[in-house]
Amino acid sequence: MNTYAPSYWSGDNPRVERILSGRTAHPQPSSGTALEEQISSLCRKVADGGDEAVLEATSSFDGISISSPVVNAAELEDLASRTPQDVKESLDRAMKNSLEFNEKIVSRANWEASSGGSYRYGEIVRPVEAAGLFVPNGKGRFPSVAVQIGCPAVAAGVERLVLASSPCSDDAARLDPAVAHVARRLGVEQVLCANGPALIAALAFGTESVRPVPLIAGPGSAPVVIAQRFVSRFGVQNVPGLGPTDSFIVADATADPVLLAADLINEAEHGMDSSAVLVCTDETVTEKAIQYVREQIEELPPPRREYAVSSIFEHGGIFLVDSIADGIAAANEYAPEHLQLAVETPREYVGMVENAGTLLLGRATTFSISNYVAGTPATLPTTGAARVSSGVTAHTYLKRTSFLELDERSSGELGEHVVRLADYESFPAHATSMRIRGGRID
């Protein structure tokens, strides 16, 4: 098959399976694989050996010798100062927008209601005590990820934040300077830079240098994901569903095919295992979009060109659909990480969207703006996980404690029902708890 001929389907209403057919499943590594055994063994070594095991892993797997996994304050300040001023300004704007978005979430978190009298209930919302923020460093540098997972934690009020990142392999500085800038601006308590899976274990179990945390957020490579899965067996929570990126565009006759092509390629350049789909209701726009995708993709440098080819021509595609409703139905089945409605009246269709990590309304609301500076979540569930999970926001770092307050009358009114259900389920102490209070309950 010619990889420069995107899947173009026209005719009757397309079956959703046709659009889904190219997408890779990206299963979690199965139990017992050589990689899983290797990473599990590494995590156990860190649990037992602490910092020494982290340093050994960094030397063995990353080819970098370090004396400590901790980036000290002086080193962090020096690194941050190397960030270009214009990049600092853009990161600062991204942090401002993200903090504003997530502070609104927190301001609406606690609630209380009443069913009459003194029968009151609600939720008390508090931040987790500590969290690890994992920032990957493989196919590129990702200070934007530090913003995306760090700002929600700060807005939530997490008291102790530890940022961990894999080391740079192409620079004298082991930590990306822009990541250092974000960490300093957010007031992150501690920054670690060493082998990725080893740092996941260090965050989970603790070492001489770092106290353990109960929650770790952030995407990573397959070894990092395996490490996250390993430590979850010991009660450490991880944010699920952060895998290869995917995107979906629904367009109509009013869409600009040049912009459609650019936005489709935008997400497709992430990696060989990404996927990007465009569905459009207009045949002329669809044909032109195919043409512009071919032209624009040639302008990408390697390896981004190869990533885009794979994402669109192997795992995604360009399709003609009968209606916007049909396109959204396909998107709901696809459950994309990013969904853009590049249609004339996007708000008219919001109610039809069921599964999407983030929803971008209109042609001007681009994936790139959402990824970098909009402030809405951009670390999102991928490869269908949007059916059951959401992006990283302040909610990720908040825990909810429900509360209940009854007076004697309310307690007595409910007690009869408690006795009936406790007797049915054979929990006599539950029933006695009510009988002993109300003497009148049989």
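Two strands pair if DSSP finds at least two bridges between them. Helices (H or I, at least four residues) and strands (E, at least two) are DSSP runs, numbered from the N terminus. The model is predicted: local features need pLDDT of at least 70, side-chain atom pairs count only at pLDDT 80 or more, and totals for chains, interfaces and linings use all residues. Residues are numbered from 1 along each chain as its sequence is written, and side-chain values use heavy atoms, with hydrogens and water left out.

**Strand β4 and its partners**

- Strands β4 and β5 (residues 160–165) run parallel and are joined by six bridges. Within β5, alanine 164 is the bridge partner of phenylalanine 134.
- β4 also pairs with strand β7 (residues 215–217), in the parallel sense and over two bridges. Here isoleucine 216 of β7 stands opposite glycine 132.
- Strand β4 (residues 130–135) is mostly covered, as six of its six residues are buried (under 20% relative accessible area; exposed means over 50% and partly exposed in between, with a 1.4 Å probe and protein chains only).
- In a regular strand, side chains alternate between the two faces of the sheet. From β4, Ala130, Gly132 and Phe134 point one way, while Ala131, Leu133 and Val135 point the other way.

**Aromatic pairs**

- The structure holds five aromatic pairs (rings of Phe, Tyr and Trp, the last by its six-membered ring, with centres within 6.5 Å; planes under 30 degrees apart count as stacked, over 60 as edge-to-face and the rest as tilted).
- One of these joins tyrosine 119 and tyrosine 121 edge-to-face, at 6.0 Å centre to centre and with 70° between the planes. Tyrosine 119 counts as partly exposed because its relative accessibility is 27%, and tyrosine 121 does so at 28%.
- Phenylalanine 205 and phenylalanine 234 form an edge-to-face pair, 5.3 Å centre to centre with 80° between the planes. This pair links distant parts of the chain, 29 residues apart: phenylalanine 205 lies in helix α8 (residues 196–205) and phenylalanine 234 in the loop between α9 (222–232) and β8 (237–238).
- Phenylalanine 205 has a relative accessible area of 26% and is therefore partly exposed, whereas phenylalanine 234, at 53%, counts as exposed.
- Trp111, Tyr119 and Tyr121 are linked into a cluster by ring pairs.

**A nonpolar surface patch**

- Leu404, Leu406 and Leu414 together form a nonpolar patch on the surface, with about 240 Å² of accessible area.
- Leucine 406 is placed in the loop between β14 (398–405) and α15 (408–425). Leucine 406 counts as partly exposed because its relative accessibility is 33%.
- Patches are made of residues with over 30% relative accessible area and no salt bridge, joined within 9 Å for like charges and within 5 Å for nonpolar side chains (Val, Leu, Ile, Met, Phe, Trp, Tyr). A salt bridge is a side-chain nitrogen of Lys or Arg within 4 Å of a carboxyl oxygen of Asp or Glu.
- Accessible areas come from the Shrake-Rupley method with a 1.4 Å probe, and for residues only the protein chains shown count as cover.
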